[in-house]
Each structure stands twice: as C-alpha cells, then as structure tokens.
Amino acid sequence: DNVEWSEEQEASARSKVQENSSQLLPQDKQEEYEVNAKRYWDDFYKIHENGFFKDRHWLFTEFPELAPNRNPSQNGDSVHESSNKEESNNEGLGSCENGHCSLETRAENQLNLIKSTPKICTEELATQKCSELNQSDGDYPGSSASYRILEVGCGAGNTVFPILQTNNDPGLFVYCCDFSTTAVDLVQNNAEYNSSRCFAFVHDLCNDQSPFPMPDESLDIVILIFVLSAILPEKMQCIVNRLSRLLKPGGMILLRDYGRYDLAQLRFKKGQCLSDNFYVRGDGTRVYFFTQGELDNLFTTAGLEKIQNLVDRRLQVNRGKQMTMYRVWIQCKYRKP
C-alpha cells in the first residue's frame, strides 16, 4: 500500500504515456465512440453479465459513511487500513480483459441472478416514471427514508448489494442508476433486489434533460466508483454540477477512480488515444486517468468543499507469473456546505 515512486519510475511512466498518445484517433472515429457509447456498455454487460466484477466489501473501510455506524464527520485524511482488499487473489491479479484493468477481476462471489423474465427498464420508461412523480409532495421512491444514497454507474450491483446486505438501518434507501439497460436489468433481477429499500433506473448522466427520481437537496451520499473516467472530459463539469445539486447541505460525493500513470494507462497501445489521458479500449468503452488537481477543480467549481483527495499507489505482485504491477487510484470525498 501507498508505494512511493522514484523519479526514474515517474519519468518512465510519463514517457510511455507520451508514446501511446502520440497518435490520436481521427475525429470521426471519436464521434462514433461517443454516439455509440451506450451500445458498447450494453455489449460489455451482455458478455460479462455478473462474472467480471467483484463485490466491493472494501467500501466500508474506505467509505465508513456507507456502513451502519456511519460517522460522516470522520477525518477524511486518514489512509487505508490493511483490511482494504481491492485486489483479488493472485490467480487473477493484474489480469486485464479487453483493456479493463479495473480493481475487480472475475469474482468468486458472483451475484445470484434469479431465472425470470427480465424486467424491461428502458430510459424512456424511467423518464416517464420520473415525470409522473410529484416530488413537491414528497411522493417519490425513498421519500420516507432518513438516509439516502445514490450510486451512479451501478453496473451489476457490486456496490449496491454489499451496502444493502451490510447496512440494516431501517431509514436507509439506496438509488442506483446506469447508462446501460443491461446492467440495470441485472440489478433488478438479482435475488437481493428489494424495491422497498432500493430503486434501480436507467439514466444518461450526459443528458441534462434526463430527470432523476428524487428532488434536489434530498441525498446524503452520491457514490462515483470508476464512473467519471468513462465520460467525455468536456462533459464532466456539467455532470458534477448536476450531482452536487442533489445533495443535502452536508451531503457528500464519494469518488474512487483511475489516477494518472496507472498500469491500465501504461498498457494502452498507439492508436487508442482519443485526447490527453483519454483512451478507448478494444471493446469501445472509454477511460480517462485523473490527477488530484483535476478532480479538485471539478468538485470545488461545483461548490463542494474538500474532505479528502488522495492518491493510492499500490504495488501488486503475481508470484506465479513473476509480475509486479503498479496501480494508481484517486479517492475523494467532497461535501456540500
């Protein structure tokens, strides 16, 4: 944990990035990836379903705000305990599938999907439902809850279900949304899904006309885990602004995402770079690699105050393959005054 990089290692990483970003994709190809972004993520979840990601039980070490005995005033500058197991066992350690060098690899704890007819959850239907809710009268999912959490980019539910399993607070209500209809279907058809405690919906963050099912200033926590990096950089500020409006005063955004010079960035080849530190994977999904300053600027511009903004550098060793791999993640907590 918290490995210090030498100047030589930093220079080597910078050189690799300069090399793999020296050739940008043509503009028409870049526009194609933006237009078809939803299809690429749908395809990703259709291929991997629930097998690619691992339930994030490390969440409660890094983000105690999500645990039953939450302590929102905890000093956010403390660094991780050894119980934080983002890395998987050595068998799958460092495996990258189609460029997805995420912290999760194929899980032992696969989500238990029930074999039923998938519930249709199109964005059009979600929009219709949201517009039907009379939010001014408090008539919306979770309106009676005392603690509301929204996870943006919920995928197959590997954050949502550990929260629901661990936190038995009767006042808790968890919202979760994803760009991918396939991902939301996986969540809704999971045996652990309980509509009295959770509401999953399809949502396009980049569409500011796409409504949320809850009113502004109604959320205690917004979770962004490896989500903001998948979005076109020029759209990020607008998205953070939208999410900050949903927070109650004192509410927080919790983020964990890819840091500059992470292993995943260094492994890209020439011809996969879209713009500075923004790449397209072989399956058409995209990823950006942040600095602390970039994230601080996004959140403070949205009117939030910093509680935590740290770089987590990890050295992972696969003894079987005799490989050493350096991961770089950034973790942030920003609070609405």
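Glu32 and Lys29 both belong to helix 2 (residues 27-35), three residues apart, which is about one turn of the helix. Helices (H or I, at least four residues) and strands (E, at least two) are DSSP runs numbered from the N terminus. This is a predicted model, in which local features need pLDDT of at least 70 and side-chain atom pairs count only at pLDDT 80 or more, while totals for chains, interfaces and linings use all residues. Residues are numbered from 1 along each chain as its sequence is written, and side-chain values use heavy atoms, with hydrogens and water left out.

The side chains of Glu32 and Lys29 form a salt bridge at 3.9 Å, N to O. A salt bridge here is a side-chain nitrogen of Lys or Arg within 4 Å of a carboxyl oxygen of Asp or Glu; by this rule the count is 11. Glu32 is partly exposed, with a relative accessible area of 32%, and Lys29 is partly exposed at 31%. The classes are buried (under 20% relative accessible area), exposed (over 50%) and partly exposed (in between), computed with a 1.4 Å probe on protein chains only.

## The network at Glu34

Glu34, Lys235 and Arg286 are linked in a network of salt bridges. The side chains of Glu34 and Lys235 meet at 2.7 Å, N to O. Glu34 lies in helix 2 and Lys235 in the loop between strand 4 and helix 8, so this pair ties together parts that are 201 residues apart in sequence.

Glu34 also forms a salt bridge with Arg286, at 2.8 Å, N to O. That pair links distant parts of the chain, Glu34 in helix 2 and Arg286 in strand 8 (residues 286-288), 252 residues apart. Glu34 is partly exposed at 22% relative accessibility, as is Lys235 at 29%, whereas Arg286 is buried at 6%.

## Strand 4 and its neighbours

Strand 4 (residues 219-225) is mostly covered, with seven of its seven residues buried. Strand 4 pairs in the parallel sense with strand 1 (residues 147-152) over four bridges, and with strand 5 (residues 247-258), again in the parallel sense, over six bridges. Pairing requires that DSSP finds at least two bridges between two strands. Ile149 stands opposite Ile221 in strand 4, and the bridge partner of Leu224 is Leu255 in strand 5.

Strand 4, helix 8 (residues 236-246) and strand 5 make a right-handed β-α-β unit. Right-handed means that, with the strands pointing away from the viewer, the path from the first strand over the helix to the second runs clockwise.

## Arg314 in strand 9

Arg314 is located in strand 9 (residues 305-318) and is buried, with a relative accessible area of 2%. The side chain of Arg314 makes a polar contact of 2.8 Å with the side chain of Asp312. A polar contact is a pair of N or O atoms within 3.5 Å; within protein, one must be able to donate a hydrogen and the other to accept it, and residues adjacent in sequence count only if both atoms are side-chain atoms.

## Cysteines

The structure holds zero disulfides, a disulfide being a pair of cysteine sulfur atoms within 2.5 Å. Cys154 is in no disulfide, and the nearest cysteine sulfur, that of Cys176, is 4.1 Å away. Cys154 is buried at 3% relative accessibility, and Cys273 is buried at 0%.
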